[in-house]
Amino acid sequence: MTTYVLVPGMCHGAWCFDGLAASLRSAGHHVLAITPTGVAERSHLMPGAVNLDTHTTDVLAAVENDTTASDELILVGHSYGGMVITGVADRIPDRVDSLVFLDAVVPRDGEACWDLVNDEERQWYVEVDDTGFGVPPMPFFDERATAHPLATVMQPLRLRGDLNRFRRRVFVYAQDWPGESPLQESYDRVRDDPHWTTHELDGKHNLMRDNPEDLLRILLDAAR
(Lines give C-alpha, C1' and ligand atoms only; values in the text may rest on other atoms or scores of the structure.)
Protein backbone atom coordinates (compact mmCIF):
# COMPACT_ATOMS: atom_id res chain seq x y z
CA MET A 1 0.00 0.00 0.00
CA THR A 2 1.28 3.43 -0.98
CA THR A 3 0.37 6.65 0.82
CA TYR A 4 -0.46 9.49 -1.55
CA VAL A 5 -0.26 13.01 -0.11
CA LEU A 6 -2.31 15.41 -2.24
CA VAL A 7 -1.67 19.17 -2.03
CA PRO A 8 -3.97 21.58 -3.90
CA GLY A 9 -3.18 24.73 -5.81
CA MET A 10 -4.08 28.26 -4.81
CA CYS A 11 -7.50 29.00 -3.33
CA HIS A 12 -8.51 25.31 -3.23
CA GLY A 13 -9.03 22.78 -0.47
CA ALA A 14 -8.70 19.03 -0.21
CA TRP A 15 -12.11 18.70 -1.88
CA CYS A 16 -10.59 19.36 -5.32
CA PHE A 17 -9.11 15.86 -5.06
CA ASP A 18 -12.30 14.08 -3.93
CA GLY A 19 -12.77 11.97 -7.05
CA LEU A 20 -9.09 11.15 -7.46
CA ALA A 21 -8.72 10.30 -3.77
CA ALA A 22 -11.71 7.96 -3.91
CA SER A 23 -10.24 6.15 -6.92
CA LEU A 24 -6.86 5.74 -5.22
CA ARG A 25 -8.51 4.38 -2.09
CA SER A 26 -10.55 1.96 -4.17
CA ALA A 27 -7.25 0.70 -5.58
CA GLY A 28 -6.14 -0.09 -2.03
CA HIS A 29 -4.00 2.91 -1.21
CA HIS A 30 -3.92 5.36 1.69
CA VAL A 31 -4.63 9.00 0.79
CA LEU A 32 -4.02 12.22 2.69
CA ALA A 33 -5.64 15.20 0.96
CA ILE A 34 -4.60 18.49 2.55
CA THR A 35 -6.47 21.76 2.98
CA PRO A 36 -3.76 24.34 3.77
CA THR A 37 -4.09 26.85 6.59
CA GLY A 38 -5.86 30.04 5.58
CA VAL A 39 -7.62 28.53 2.54
CA ALA A 40 -11.08 27.09 1.77
CA GLU A 41 -12.73 25.67 4.91
CA ARG A 42 -9.66 26.82 6.87
CA SER A 43 -9.77 30.37 5.50
CA HIS A 44 -10.53 31.81 8.94
CA LEU A 45 -7.16 30.72 10.33
CA MET A 46 -4.51 33.46 10.47
CA PRO A 47 -4.74 34.59 6.84
CA GLY A 48 -2.36 37.50 7.43
CA ALA A 49 0.29 35.31 9.06
CA VAL A 50 0.30 32.38 6.64
CA ASN A 51 3.31 31.81 4.40
CA LEU A 52 4.93 28.95 2.50
CA ASP A 53 6.48 27.61 5.71
CA THR A 54 2.98 27.34 7.20
CA HIS A 55 1.74 25.17 4.34
CA THR A 56 4.85 23.01 4.46
CA THR A 57 4.25 22.50 8.18
CA ASP A 58 0.60 21.59 7.48
CA VAL A 59 1.70 18.67 5.32
CA LEU A 60 4.49 17.58 7.64
CA ALA A 61 2.01 17.49 10.54
CA ALA A 62 -0.46 15.40 8.54
CA VAL A 63 2.28 12.95 7.60
CA GLU A 64 3.44 12.74 11.21
CA ASN A 65 -0.05 12.15 12.58
CA ASP A 66 -1.57 9.90 9.89
CA THR A 67 1.23 7.69 8.60
CA THR A 68 3.81 5.28 9.97
CA ALA A 69 7.55 5.28 9.39
CA SER A 70 7.22 2.32 7.02
CA ASP A 71 4.72 4.05 4.71
CA GLU A 72 6.04 4.94 1.26
CA LEU A 73 4.98 8.49 0.45
CA ILE A 74 4.19 9.83 -2.98
CA LEU A 75 3.77 13.60 -2.79
CA VAL A 76 1.39 15.08 -5.37
CA GLY A 77 1.14 18.84 -5.86
CA HIS A 78 -1.18 20.75 -8.17
CA SER A 79 -0.07 24.17 -9.44
CA TYR A 80 1.23 26.17 -6.44
CA GLY A 81 1.25 22.85 -4.57
CA GLY A 82 4.54 22.08 -6.32
CA MET A 83 6.20 24.55 -3.95
CA VAL A 84 4.80 22.76 -0.95
CA ILE A 85 5.66 19.19 -1.94
CA THR A 86 9.21 20.23 -2.81
CA GLY A 87 9.63 21.81 0.62
CA VAL A 88 8.15 18.78 2.36
CA ALA A 89 10.34 16.33 0.44
CA ASP A 90 13.41 18.34 1.37
CA ARG A 91 12.48 18.19 5.06
CA ILE A 92 11.78 14.43 5.21
CA PRO A 93 13.69 12.90 2.26
CA ASP A 94 13.96 9.49 3.92
CA ARG A 95 10.16 9.18 3.99
CA VAL A 96 9.48 10.22 0.39
CA ASP A 97 9.53 7.77 -2.50
CA SER A 98 8.38 9.92 -5.43
CA LEU A 99 6.97 13.32 -6.36
CA VAL A 100 4.28 14.14 -8.92
CA PHE A 101 3.82 17.71 -10.18
CA LEU A 102 0.35 18.20 -11.65
CA ASP A 103 0.79 21.22 -13.93
CA ALA A 104 2.79 22.64 -11.05
CA VAL A 105 5.77 24.86 -10.34
CA VAL A 106 9.11 23.09 -9.89
CA PRO A 107 11.26 25.32 -7.67
CA ARG A 108 14.95 25.40 -7.01
CA ASP A 109 16.68 26.71 -3.91
CA GLY A 110 15.93 30.37 -3.26
CA GLU A 111 12.99 30.64 -5.65
CA ALA A 112 9.45 31.72 -4.85
CA CYS A 113 6.35 30.81 -6.79
CA TRP A 114 6.36 34.44 -7.98
CA ASP A 115 9.69 33.82 -9.74
CA LEU A 116 8.44 30.83 -11.72
CA VAL A 117 5.24 32.12 -13.34
CA ASN A 118 4.53 34.59 -16.12
CA ASP A 119 3.52 38.26 -15.90
CA GLU A 120 -0.18 37.51 -16.32
CA GLU A 121 -0.11 35.21 -13.31
CA ARG A 122 1.83 37.77 -11.24
CA GLN A 123 -0.78 40.41 -12.08
CA TRP A 124 -3.42 38.16 -10.53
CA TYR A 125 -1.32 37.75 -7.39
CA VAL A 126 -1.04 41.49 -6.74
CA GLU A 127 -4.75 42.23 -7.20
CA VAL A 128 -5.28 41.45 -3.54
CA ASP A 129 -8.58 41.56 -1.68
CA ASP A 130 -9.61 44.18 0.88
CA THR A 131 -7.51 42.58 3.61
CA GLY A 132 -4.32 43.22 1.65
CA PHE A 133 -3.24 39.65 2.41
CA GLY A 134 -5.36 37.51 0.09
CA VAL A 135 -5.24 36.68 -3.61
CA PRO A 136 -8.93 36.38 -4.59
CA PRO A 137 -10.16 33.28 -6.42
CA MET A 138 -10.76 33.53 -10.14
CA PRO A 139 -14.44 33.85 -11.15
CA PHE A 140 -14.43 30.40 -12.78
CA PHE A 141 -13.03 28.60 -9.71
CA ASP A 142 -15.16 26.20 -7.69
CA GLU A 143 -17.64 28.06 -5.49
CA ARG A 144 -15.86 26.67 -2.43
CA ALA A 145 -12.60 28.42 -3.36
CA THR A 146 -11.44 31.32 -1.19
CA ALA A 147 -8.72 33.94 -1.20
CA HIS A 148 -5.19 32.56 -0.94
CA PRO A 149 -2.53 34.02 1.39
CA LEU A 150 -0.26 36.24 -0.71
CA ALA A 151 2.85 35.55 1.36
CA THR A 152 2.85 31.90 0.29
CA VAL A 153 3.65 32.81 -3.31
CA MET A 154 6.17 35.51 -2.36
CA GLN A 155 8.31 33.57 0.14
CA PRO A 156 11.44 31.91 -1.34
CA LEU A 157 11.87 28.20 -0.72
CA ARG A 158 15.11 27.16 0.96
CA LEU A 159 16.34 23.67 0.03
CA ARG A 160 19.16 21.50 1.32
CA GLY A 161 19.19 18.99 -1.56
CA ASP A 162 17.83 18.49 -5.07
CA LEU A 163 14.96 16.41 -6.41
CA ASN A 164 17.15 13.83 -8.12
CA ARG A 165 17.60 11.95 -4.84
CA PHE A 166 14.03 10.63 -5.07
CA ARG A 167 13.18 7.47 -6.97
CA ARG A 168 10.76 9.07 -9.42
CA ARG A 169 9.92 12.63 -10.39
CA VAL A 170 6.88 13.06 -12.62
CA PHE A 171 5.49 16.17 -14.35
CA VAL A 172 2.01 16.27 -15.89
CA TYR A 173 1.52 19.20 -18.26
CA ALA A 174 -1.93 20.58 -19.14
CA GLN A 175 -2.02 21.61 -22.80
CA ASP A 176 -5.34 23.45 -22.86
CA TRP A 177 -4.54 26.90 -21.47
CA PRO A 178 -6.38 29.88 -23.03
CA GLY A 179 -3.02 31.59 -23.55
CA GLU A 180 0.55 31.06 -22.41
CA SER A 181 0.76 28.56 -19.56
CA PRO A 182 2.27 30.06 -16.39
CA LEU A 183 3.73 26.58 -15.77
CA GLN A 184 5.66 26.54 -19.04
CA GLU A 185 8.97 27.50 -17.40
CA SER A 186 8.68 24.65 -14.92
CA TYR A 187 7.78 22.17 -17.64
CA ASP A 188 10.69 23.34 -19.79
CA ARG A 189 13.04 22.65 -16.87
CA VAL A 190 12.20 18.97 -16.75
CA ARG A 191 10.80 17.89 -20.12
CA ASP A 192 14.17 16.83 -21.56
CA ASP A 193 15.70 15.66 -18.29
CA PRO A 194 16.22 11.86 -18.40
CA HIS A 195 15.70 11.71 -14.64
CA TRP A 196 12.08 12.87 -15.05
CA THR A 197 8.97 11.25 -16.48
CA THR A 198 6.71 13.75 -18.26
CA HIS A 199 3.18 13.55 -19.62
CA GLU A 200 1.19 15.99 -21.76
CA LEU A 201 -2.57 15.81 -21.33
CA ASP A 202 -5.25 17.42 -23.48
CA GLY A 203 -7.01 19.12 -20.60
CA LYS A 204 -7.29 22.41 -18.77
CA HIS A 205 -5.27 23.31 -15.70
CA ASN A 206 -7.76 21.54 -13.43
CA LEU A 207 -6.60 18.12 -14.55
CA MET A 208 -8.41 16.46 -11.65
CA ARG A 209 -11.69 17.50 -13.28
CA ASP A 210 -10.76 17.16 -16.95
CA ASN A 211 -8.50 14.09 -16.95
CA PRO A 212 -9.29 11.98 -13.89
CA GLU A 213 -8.68 8.60 -15.55
CA ASP A 214 -5.34 9.75 -16.98
CA LEU A 215 -4.23 11.05 -13.58
CA LEU A 216 -5.24 7.84 -11.84
CA ARG A 217 -3.18 5.82 -14.31
CA ILE A 218 -0.18 8.12 -13.89
CA LEU A 219 -0.34 8.08 -10.09
CA LEU A 220 -0.72 4.31 -9.90
CA ASP A 221 2.21 3.92 -12.27
CA ALA A 222 4.34 6.19 -10.06
CA ALA A 223 4.01 3.65 -7.25
CA ARG A 224 5.28 0.75 -9.35
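**Notes on the predicted model**

1. At 6% relative accessibility, N211 counts as buried, where buried means under 20% relative accessible area, exposed over 50% and partly exposed in between (1.4 Å probe, protein chains only). N211 is placed in the loop between α8 (207-210) and α9 (212-222); helices (H or I, at least four residues) and strands (E, at least two) are DSSP runs, numbered from the N terminus. Leaving aside residues up to four places away in sequence, N211 touches L201, D202 and G203, contact meaning heavy atoms within 4.5 Å.

2. On the basis of the note: this is a predicted model, in which local features need pLDDT of at least 70 and side-chain atom pairs count only at pLDDT 80 or more, while totals for chains, interfaces and linings use all residues. Residues are numbered from 1 along each chain as its sequence is written, and side-chain values use heavy atoms, with hydrogens and water left out.

3. The model contains an open sheet of 6 strands in the order β2-β1-β3-β4-β7-β8, with parallel pairing; two strands pair if DSSP finds at least two bridges between them. At its edges are β2 (30-33) and β8 (197-201), each of which pairs on one side only. On average, neighbouring strands of this sheet are turned by 15° against each other, direction ignored.

4. Strands β3 (residues 72-78) and β4 (residues 96-102) run parallel and are joined by 6 bridges. Within this pair, V76 stands opposite V100 in β4. Helix α2 (residues 52-66) packs on the sheet, touching β1 (2-7), β2 and β3, and its direction makes about 150° with that of β2. Helix α3 (residues 81-91) also packs on the sheet; it touches β1, β3 and β4, and its direction makes about 155° with that of β3. For these angles, axes are lines fitted to C-alpha atoms, for helices over the stretch in contact, and angles run from 0 to 180 degrees between N-to-C directions.

5. Most residues other than glycine have a negative phi. C11, in the loop between β1 and α1 (18-26), has a positive phi near 75° and is buried at 0% relative accessibility. D103, in the loop between β4 and α4 (113-116), has a positive phi near 45° and is buried, with a relative accessible area of 0%.

6. Is E180 buried or exposed? E180 is exposed, with a relative accessible area of 55%, and is placed in the loop between β7 (168-174) and α7 (184-190).
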